[in-house]
Amino acid sequence: MAMAFNSFYALTLFVSLLLSFFTSISIADNSHAVVPPETLCHSTLDPSYCKFVLANQNGSIYEYCQISVRKSLSQSRKFLNTMYSYLQNPSSLSQPTILALEDCQILSELNFEYLSTTLDTVDKAKDVLPTSQTDDVHTLLSAVLTNQQTCLDGLQTSASDPRVKNGLFSQLLDDMKLNSVSLYLFTKAWVPENRIWQPHGAIQNDGMSNKVRAIYDSAKGQGRKLLQTSDDSESVLVSDIVVVSKDGTGNFTTINDAIAAAPNNTAVTDGYFIIVISEGIYQEYVSIAKNKKFLMLIGNGINRTIITGDHNVVDGSTTFNSATFAVVGQGFVAVNITFRNTAGPSKHQAVAVRNGADMSTFYSCSFEGYQDTLYTHSVRQFYRECDIYGTVDFIFGNAAVVLQNCNMYPRLPLSGQFNAITAQGRTDPNQNTGISIQNATIKAAQDLAPKVGTVETYLGRPWKEYSRTVYIRSFMDSLIAPAGWHEWNGSFALSTLYYAEYDNMGPGSNTANRVNWSGFHVIDATDAANFTVSSFLDGDDWVPRTSIPYQTSLIRGPCLVKNLVLSTYKFIEPNLVSKSPKQYLTTTMASKLSYSLSIFLFLLPFFHSVIVSADTVSNPSTPVSPGTACQSTPDPSYCKSVLPPQNGNVYDYGRFSVKKSLSQARKFLSLVDKYLQRRSSLSATAIRALQDCRTLGELNFDFLSSSFQTVNKTTRFLPSFQADDIQTLLSAILTNQQTCLDGLRDTASAWSVRNGLTLPLSNDTKLYSVSLALFTKGWVPRSKLNTMHPTKKQQGFRNGRLPLKMSSTTRAIYESVSRRKLLQVSVSQGVVVRDIVTVSQDGSGNFTTISDAIAAAPNKSASTDGYFLIYVTAGVYDEIVTIDKKKTYLMMVGDGINRTIITGNRSVVDGWTTFSSATLAVVGQGFVGVNMTIRNTAGAVKHQAVAVRNGADLSTFYSCSFEGYQDTLYVHSLRQFYSECDIYGTVDFIFGNAKVVFQSCNMYPRLPMQGQFNAITAQGRTDPNQDTGISIHNCSIRAADDLASSSGVSTYLGRPWKEYSRTVYMQTFMDDLINGAGWRAWDGDFALSTLYYAEYSNTGPGSNTSNRVTWSGYHVINATDAANFTVSNFLLGDDWLPQTGVSYTDNLI
């Protein structure tokens, strides 16, 4: 019996261990799985404490995180009360104890705020947070631990009362363990494990920009007559304007530099960032990323402003990345530009423009290429009065796109080829995509015209199974083959496509001999109305803000296109215009059509009721079986295999499918990343194809995140525009999948890559198709596809000028700054300023001390309010300056290094804590410091003596000098950036636990005390989940004058202040003062295996790594790893640095 019991016990133990093992593997795949605390806690720094925190709980990782953060917040409140109780009786405490407690109080107040914000976020969050929000919370939780460590260090290192120390130590240590658990759980739940930072190219913002009015005056002064304010109701809202000119007379000489200077992630309410491109040929590959929203590019006219390139598939590009001009940023507008790909027909696929920008518009532009000229890739697009040249499939893709009043010019193809104007790529019947060509003209280009009889030209062919293309009231010349359309491959897609023609004209428009495929239709006005700007694009909701003229309905004629005066066709020079509006209908014909439309509108409700009653699931809220819900999907059997077996309604199934899609999108990105990490074994073409897939996969993840947030909030039909947004996103996801698959198949990708990705791509595509079908069934109003909008006049350009709306405040501030000559405005990005005050010791300014000026600043400003600018004139300001947490978005500008000087001499030896010894201490978010010297003159003998302590999130110092000895610059916590600064010191003179990048700075080690060595950095990361570290990029390390004339002093790059210390040097010059070992231990083998120290591509006599330390935590890294520590990737600086006007390079040089 005992033996049987022992065997049973052993078996039970084995099974438990096995289950625990498999559960630990699967938890990352299913974060909503209910798991015991032990499963999650085994990876924390202190599993037993973690289990203690989560004891008697049972839930998912999200629920555990909420529990832990809530406890953290409660404990932070208790600790703060403890601080208050000690400080209420200061008479019983020593001065060092009081100072240490005051530090702890400040830090604890910050922690309480950070944890409150964190709890608010995690309580509201579902599966996914936006990347920026994830980064915000990750930063805050990291800072909480940093603040506690700072408090602990202050109590330990100062001569504090033992009673106080003993009373606080235990509580502090327990709270740090708790907050470490909270950080781990948040990281596990919401931070993607595979977050890879991608290079974006070197972006340079050189200084502060001219204001809108100055740029306008400059452009106007060159005789451009570019902008003219008109009636506000017809205005285009403009945030800023820059000029690109190859001769150097503008703000930039290249288009890419101008785009890089544009703000990131703007909203439509912010207005357009206008880039005026002067006449010239710009041979550059232009890419407008997803964070560059609401840009408007204006050229000098077709064939005058030309953007050109020649990338192509034959020479190794994918079709996707062969584009001369690629745009993804929402709300893009282009006017008066020619886009070319000059590769020629022998190079096959060679794209001039690839457009994946939602709600984008091209007006009076020309697209010139041969095969695959215009790639209307995805989402919603509108083209007006444009010219498109090409041969095979020269308008292709899977956007929802309308080309209105455009000219299509088929060119002479290769011998044996035929021309196909379109190749639409719809892969799913629920996608809201297709090509609609309205009021267009199709004529042979000059090279094809003499050979029209020998070359066949077709309206289109089906690139994908559900290809959809419609021609409406267009002129077709005799070059169009009588059959009209051409198959792709045998009978592929001939019954599933939708090709249609309505009321076209010209010798090629006769439909008598058209193809007899079941998917081809000659349609009437009722069907054609579904493909107008208003109905197909919901264009009335977004085209008006562009001021581009458009026709809302089927009716033609100048009176309905808006009495369009010829001079309104161009922004720059009205005499360039050569086009005239077409007049197709007489007044009588128009009145007859108007009568027909009235009848149709009268009968529409009846037709709608019939359509709805025929639906298999008449009420999306009614519970049905998975089989019933799946009937309308393209692959019902796959759909049934995906959905849960129990009955639910369409909303339940839709949410489940979108959530599962989001999970799969994340996994696919991880898979692509794994292949890219092995790029040394891949061909260049395979790498390019994978990079395309990664770009597309990131977009899919973003699109699915937005979709899930929407469907998770509502169980009813959405407003039409919102439904269209999500349907557009889900449609684009399938397009992106297909683009990735095509790229892998068409390029010479590695066999293992192609075969390793094809199956997950195919399965994910099926899943996304289910999500799209269920969304369409549940959330898209039934009447949407059959709704016609009344004709409206769209107000556009007037007298050849773009109406401009800008604030009077912007102009006033600009004039004020110009008079003071405070800011050298040299880049396009305007720095928004709400107020300016001057500090001058001689009494000629608003204040005589810096502290008084700070006290006068408003409290708790938002970034959108603009900076409160404090101009500190030349002088030596002997004061301790503090910018507390409520003084947000202050900008302090001096008269220059060694001219405006702030100085103090507090030190640890004299009784101050390191934390409180700072001459300048900053906590207020969004601080910017420019052109100042900040000193601590205590000297080397006083040990720790801080010049600047910075705990301000999203803070920046530019062209400043920090002078001290030990602990000069305390980069305490949160996100920080330093550009073109000088830092002087001896021991650990850059230290702390911020997430910080130093770029183009000078580090000057000084002569330390006898027997000491120099250490440039001492980074203080205490938890492996903290996203903190020091990144030193493109800097210079040279001896200060006092050290240069001495010998026998070793200088090291850094030493590990805390267990997970992380510091990286990249592309930096190191003079011969650097010790060959490079790095120095802190205490024995402490942290040598847990730290992360790295060097990449440094130069100079001190950069030789052959004799560096052999610690397991030290690495000589490659560009892929180094890219993780750039401004863009480590700080997400592109999201917040542009508003400062401070120059930066976003990636490796």
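Modeller: Take strand S15 (residues 380–384) and S18 in this predicted model: they pair in the parallel sense over five bridges.

Biologist: Why are S15 and S18 called paired?

Modeller: Two strands pair if at least two bridges are found between them. S15 and S18 have five bridges, so the pair meets that cut-off. Arg 384 stands opposite Gln 404 in S18.

Biologist: Which strand is joined to S18 by another five bridges?

Modeller: Strand S21 (residues 434–438) is joined to S18 by five bridges, and the two run parallel. The bridge partner of Leu 403 in S21 is Ile 437.

Biologist: What makes S18 largely enclosed?

Modeller: S18 covers residues 400–404, and five of the five are buried, so the strand is largely enclosed by the rest of the structure. Ala 400, Val 402 and Gln 404 point one way, Val 401 and Leu 403 the other way, and all are buried.

Biologist: How do you know that Lys 995 is buried?

Modeller: Buried means under 20% relative accessible area. Lys 995 has 3%, so the label applies.

Biologist: Where does Lys 995 lie, and which residues does it touch?

Modeller: Lys 995 lies in strand S46 (residues 995–999). Leaving out residues up to four places away in sequence, Lys 995 touches Asp 135, Thr 139, Leu 974, Arg 975, Gln 976, Asp 1027, Thr 1028, Gly 1029, Phe 1130 and Leu 1131. Lys 995 and Gln 1026 are 31 residues apart in sequence and 9.2 Å apart in space, C-alpha to C-alpha.

Biologist: Which sheet includes S46?

Modeller: S46 belongs to an open sheet of 11 strands, in the order S30-S31-S34-S37-S40-S43-S46-S49-S52-S54-S55, with parallel pairing.

Biologist: Why are S30 and S55 called edge strands?

Modeller: Strand S30 (833–839) and strand S55 (1114–1116) each pair on one side only. The twist in this sheet averages 10 degrees from one strand to the next.

Biologist: How many bridges pair S34 with S37?

Modeller: Strand S34 (residues 890–894) and strand S37 (residues 928–930) pair in the parallel sense over three bridges. Met 891 has Val 928 in S37 as its bridge partner.

Biologist: How do you know that Asp 372 has no salt bridge?

Modeller: A salt bridge needs a side-chain nitrogen of Lys or Arg within 4 Å of a carboxyl oxygen of Asp or Glu. For Asp 372, the nearest side chain of opposite charge is Arg 461, 6.9 Å away, so no salt bridge is assigned to this buried residue.

Biologist: Where does Asp 372 lie, and what does it touch?

Modeller: Asp 372 lies in the loop between strand S13 (366–368) and strand S14 (374–376). Among the residues it touches are Thr 319, Gln 349, Val 392, Phe 394 and Phe 396.

Biologist: What joins S10 to S13?

Modeller: Three bridges join S10 to S13, and the strands run parallel. Thr 338 stands opposite Ser 366 in S13. Four bridges join strand S7 (residues 305–309) to strand S10 (residues 338–341), also parallel. Ile 307 has Phe 339 in S10 as its bridge partner.

Biologist: Which residues have the most contacts inside the largest nonpolar core?

Modeller: That core has 62 residues, and those with the most contacts inside it are Leu 101, Leu 168, Leu 185, Phe 186 and Trp 190. Helices that each supply at least two residues include helix H5 (95–124), helix H6 (131–157) and helix H7 (162–190). H7 gives the most, with 12 residues.

Notes: Residues numbered from 1 in each chain as written. Predicted model: local features only at pLDDT ≥ 70, side-chain atom pairs only at ≥ 80, totals over all residues. Heavy atoms only, no water. Buried < 20%, exposed > 50% of the residue type's maximum accessible area, 1.4 Å probe, protein only. Contact = heavy atoms within 4.5 Å. Lys, Arg positive; Asp, Glu negative; His and termini not counted. Axes fitted to C-alpha atoms, helices over the stretch in contact; angles between N-to-C directions. Core = buried A, V, L, I, M, F, W, Y, C linked by side-chain atoms within 4.5 Å.
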